[in-house]
Every structure is written in structure tokens, then in C-alpha cells.
Amino acid sequence: MNDMTLYLMIALLPLAGSLLAGLFGNKIGRAGAHTVTILGVAVSALLSAYVLWGFISGTRAKFDENVYTWLTMGGLDFSVGFLVDSLTAMMMVVVTFVSLMVHIYTIGYMHDEKVGYQRFFSYISLFTFSMLMLVMSNNFIQLFFGWEAVGLVSYLLIGFYFKRDSAIFANLKAFLVNRVGDFGFLLGIGLVLAYFGGSLRYQDVFAYLPQIQTATIQLFSGVEWSLITVTCLLLFVGAMGKSAQFPLHVWLPDSMEGPTPISALIHAATMVTAGLFMVSRMSPMYELSTTALSFIMVTGAITALFMGFLGTIQNDIKRVVAYSTLSQLGYMTVALGASAYSVAMFHVMTHAFFKALLFLAAGSAIIGMHHNQDIRHMGNLKKYMPITWITMLLGNLALIGTPFFSGFYSKDSIIEAAKYSTIPGSGFAYFAVLASVFVTAFYAFRQYFMVFHGKEKWREIEHHHSDGHDGHHHGLGKNDNPHESPWVVTLPLILLAIPSVVIGYIAIEPMLYGDFFKDVIYVNHEAHPTMQVMGEHFHGALAMVAHSFQTPVLYLAIAGVLTAWFLYVKAPHLPAKIAATFSPIYKLLDNKYFLDTIYYNVFAKGSRALGNFFWKVGDVAIIDNGIVNNSAKVVGAVAAQVRKMQTGFIYSYAAAMVFGVLVLLGLTFWRLFV
């Protein structure tokens, strides 16, 4: 099998499964739908692992070729092509493996769905195909296609329960917010096309960079801006939307309205990491703009800290994990801003495993609680759901950066990158990611203790709600006991728990300080020496664990866990008193910094008022009344006068004819003699 065939199979097998499940779902049935989609993604995952092993062992070379030319216009080719190197191979494995786990998990999670089962499997396979096209692209056009495709499919997935108003609101919100980011992204691609050598292929754009390194562009009268800085910032605006960075983060928590498998697929390894992957892929461009890197770092720091605060008061088990995702995306963005692209992608990989594990474990707890998602109604689930308990504990230990767990190596590396960075804003970023260590440990184990320890609080509830999408009774009764989820749910948890524990220890040295990303990610070590300094301080994975006892990071994490234990196990009456005492702060967090309110009043209501103005003035007054109705009145008035000439008498028409002849004769004589 040649390389082109191999890469086509990896990309197209999930698409084939999606089409079969979507178009022929009624004929092949539920079992047929999940079989064809799982088979397609499984083969794609195995082939992706084979490709990655080739790069690890040094037997596979970089692949950069066009597959198909879609359009040629004015010497510019719009093509479909693949760029497969170590960065792409790593993302391919992460995307397909997490997607495979989600596919298997979905069999159990969606078992009781009466309608939409085949449609759901079709969507998640289509999502996998879209993400593969994004990460495998070798040009901006295909990148944008994958970018928009994952946005479209996420819209369909978030609004899967389309009869629920909250789901429709959530998917519309995600769609609109992402359009804001995508507008900036498209403008950035337009600048690349206009000024970067007239090509949209990555290798051509990167080769042209020395010629426009000092070029400027005039955005406003008399103001010159660096072309590379403006381009990088516009491209990053797209990343802010897709990777949910402040202030374009507001769509992600609401996207929890989709089924839990989608939360794991979208928010762990795929859609939200697209922006981070894009910036890493464009590292030769971003290395030319310290301004852009500084903006990226500060944006990530704000997201990491302030989104973490919001996670501390959430009571929906999925929303806690969602705000955790926002905070961790902020960490990755800080690493990008510090020119530590390899560290960011390392955390993308480790985060994909433990965050998918946390989402799926949360879904398992939801199944055990008969689809009650409120952690205030849970408690002591470790007694009834041991596999869910231990896997979520492992996921949380990885999330907070416990030594030897995967999250420890990637998260501590980001903190070190912020510490050693010389880019403006690095001081604030270091403080933010350091403070976020305590916040992360607190909200992660707040959720853990409330769900798996303490009293069995569902037995104290007088009435149970029935606000589910299916209208059925939700929640356990006083005498009901949770049960461990079936093997199709617990098996993915176990398989995701393994890399959540070990992958960081295995991968840190080759990915960060070895040759894994050589000639793939470019860093100007003279201007941005962060990775060089980190390499001098790195003495192996074990030494990194030993060094952690000399830094505040480990003790901040321990303090967060102990605080959560004290407040929610030892003294569970205190949180309510604290919330009442600091009610203004609690209100600020509960209203998510009032950003939704501001956006609604400024943009939604503002655009509605503007729309009403254009409707009343432009449409009604000018077009309808001014042009259409008034022109009709003019025609009517003229016709009324002309109609008087239509008398119906022959002598009137004869007189008019004679008058016309006389006029013609008069004109003729005038032309001849005057």
C-alpha cells in the first residue's frame, strides 16, 4: 500500500461509515449503524497508529502532496492535499482513538434512545472525518473546509435533542460565536492569499516569509501595522472561537446540552484543539511576531484563571468538566504564547485522554443516577459504581497534575514555559497558571467528593424532576440504588485511563526535548529562548518528579484537594455560608461575569434595534413607500390623465391623427429651412 492510499483510507473510512449509517440507517438498523461506523473509525485508528510508529521509529518520511485539484483560477490552485508529519500523525492518533472510545461508549449511553440512534452515529463519524481533513491538510483552503465542517457537525450534535429549547439555543449560540471567530480567520487567510506570494499551500507561504518579514499594511489612514502581526492576530481570532478563548468562550459550557459522548469528542481531543493545532502548524509565522505571541499568552492566561473560577460553583457534573476544559485550553494557549508549541501540543495529547475519560466517567455517573446530572443529588457512588469511581479518580489526578500522571508532565511544563518566557505578559501568565493549579484541584475534587463520597443525597429528595429530553421520569427514588454501567461504557473508561496515567512519562522527553517535532515546529531560539532554557533544566522524567517537591505547584494542588475535602466532606454546611457571606462574588460567578447578559443586550438586542431601524426606514419608508408605492402612484396619476384622451369617438382620434401629421410636417420644414 503506497502512502497516498494509506492516508486516503485513514481520512475516508470514517466518512464511509457516516454515509452508510446516515443514508441507509433504517435498512441496516441500530446494530448495523454502530457496526459500520465503529469499524471505519477503528481501522482508521489502527492505520494512524501505524503511521505514528513509523515517525517514532524513523522509518517514515514527511508526506506533502496534492490529492486533487478542485479549481484553478488566475494561476492559483485550490487543491485537496495531505501534509503528514509527526505533528499530524500525533493528532491523527489522538482524534481517531478518542473517537473510537466515544463510538463504543455511545452504544451503551444511547441504548434507550427511541429515535436518532443511527443519526447520532452518522454525525460522530462525520465529525471524525472533518477533524482528520483539518489536521491532515497541506493548504489553507482545506484547513478552512475542515474548520467549517467541524463547526457545522458540532452544531448538529449540540442540537441533537432538537425538541428541547435549551439545546436549540445552545447550538445556535455555538454557531454564531464561532462565526465571529471564523470571520477573523477568513480575513487572515485573505491576507495570506494577497501578500504571501499568491499561494495558499503551507510550504509556499512559509518559504515566502523572509520577503514580507518587515512589510507593513495600512489599516487606517496614516497608521501602518506589521503585516505578519495583523495576519497572525486574525488567524488567532479564529482559534479563539474554535478553542473557546476569552471572550469567545461562551458557547462551550452551553454545548453540554448535547449527549455526553459529544462532550468528550468535541471538548477533549477534536474541535476545541483545532485552533491550538493551527497556531502550532503556523509556528514559522508566529515566530516573526512577538506582539501576536504576547496577545496569545495574555488571552490564554485570562482564560485559564477566570474560567477555572467559574468551575468552582457549578452543580451540573458535565459543566464542571466543561469549565475545566476552558481552563486547560487556556493553559495550552499560554504555552503557544511562550513559543513552547511542542509543550502546548504535548498537553493537547495528554489532556485529550484524561478529559475524554472525565467526560465519559461523568456520563457513566449520569447513567447510574438515571440521568440526573446534579452533583448535589449524588454521593457515595463509589459503593455502587467502582469502575466509574476509580477511573474518574485517575482522570482527576491527571487533571490536577499529580506526579507520575500524564497531566503532571504537560501541565508543569506549561508553568515552566511561562516562568522562563521573556515575552511581554509572561509575568501575568505565570501568576495565572500558578493560581489555576489550586483552583483546578479545588473544583475537580469538589466534584469528586460530592459524587463519590459523603451521604447518598438522592434519598433525601422529596420530589424528582422530569425535565429530560424524552419527558420520562429522571433521577433515582429514595429506595433505588445506582448500578455500574455496562461493559460498552466501562471498557472505554479503562482504555482511556491507561494513557491518562502513563503517556506523559513515556512521551515527554522525545516530544519536548527530542527530535519528534524536528523540522515540523519552528522556534526562533535567539528571540524566544524558552524551550532552550527548559531543556537545560530538564534531566529526565523521574528528576522532574523529584524537582516538583521543591516548587509551589505540587503544594498548591494538595491545598486545593484538602480544601475541597474539608468543605464538602468534613464540613459540608460551610459552602452555603461562604456563598452567602461573599454573595456579590458568588453572584458574579453564577452569572458568568455577566458576559452572556452583555452580549445579549449589546449584540442581540442591539442588532435587533438596528434591524428594526433598517426595516422601518430602509425597507418600509424608502423601498416600500418611497420607491414601490410612490412609483405606482405616479403611474396611476399619469394613466388617469392619459385615460381622458381615450374618448371612444372616431372624430377625436381623426383630429389627433391630423394634429400629429401637422406636427411632423412642421418639424420637417423646420429642419429643411432653418
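This is a predicted model: local features need pLDDT of at least 70, side-chain atom pairs count only at pLDDT 80 or more; totals for chains, interfaces and linings use all residues.
Colleague: Which residue's backbone oxygen lies 2.5 Å from a polar atom of the Thr 312 side chain?

Modeller: Residues are numbered from 1 along each chain as its sequence is written, and side-chain values use heavy atoms, leaving out hydrogens and water. Thr 312 sits in the loop between α13 (290–311) and α14 (317–337). The backbone oxygen 2.5 Å from its side-chain polar atom belongs to Phe 309.

Colleague: Is Thr 312 buried or exposed?

Modeller: Thr 312 touches Val 439, Phe 442, Tyr 443, Arg 446 and Leu 589, not counting residues up to four places away in sequence; touching means heavy atoms within 4.5 Å. Buried means under 20% relative accessible area and exposed over 50%, with partly exposed in between (1.4 Å probe, protein chains only). At 15%, Thr 312 is therefore buried.

Colleague: What is the orientation of α17 to α19?

Modeller: The axes of α17 (residues 406–420) and α19 (residues 487–513) come within 5 Å and cross at roughly 40°. Angles under 35 degrees count as roughly parallel, over 145 as roughly antiparallel, 65 to 115 as roughly perpendicular and the rest as oblique. So α17 to α19 is oblique.

Colleague: Which residue in β2 is the bridge partner of Thr 69?

Modeller: β1 (residues 63–73) and β2 pair in the antiparallel sense over nine bridges; pairing takes at least two DSSP bridges. They form a hairpin with two residues between them, and Gly 74 in the turn has a positive phi of about 60°. In β2, Thr 69's partner is Ser 79.

Methods: Axes are lines fitted to C-alpha atoms, for helices over the stretch in contact, and angles run from 0 to 180 degrees between N-to-C directions. Helices (H or I, at least four residues) and strands (E, at least two) are DSSP runs, numbered from the N terminus. A polar contact is a pair of N or O atoms within 3.5 Å; within protein, one must be able to donate a hydrogen and the other to accept it, and residues adjacent in sequence count only if both atoms are side-chain atoms.
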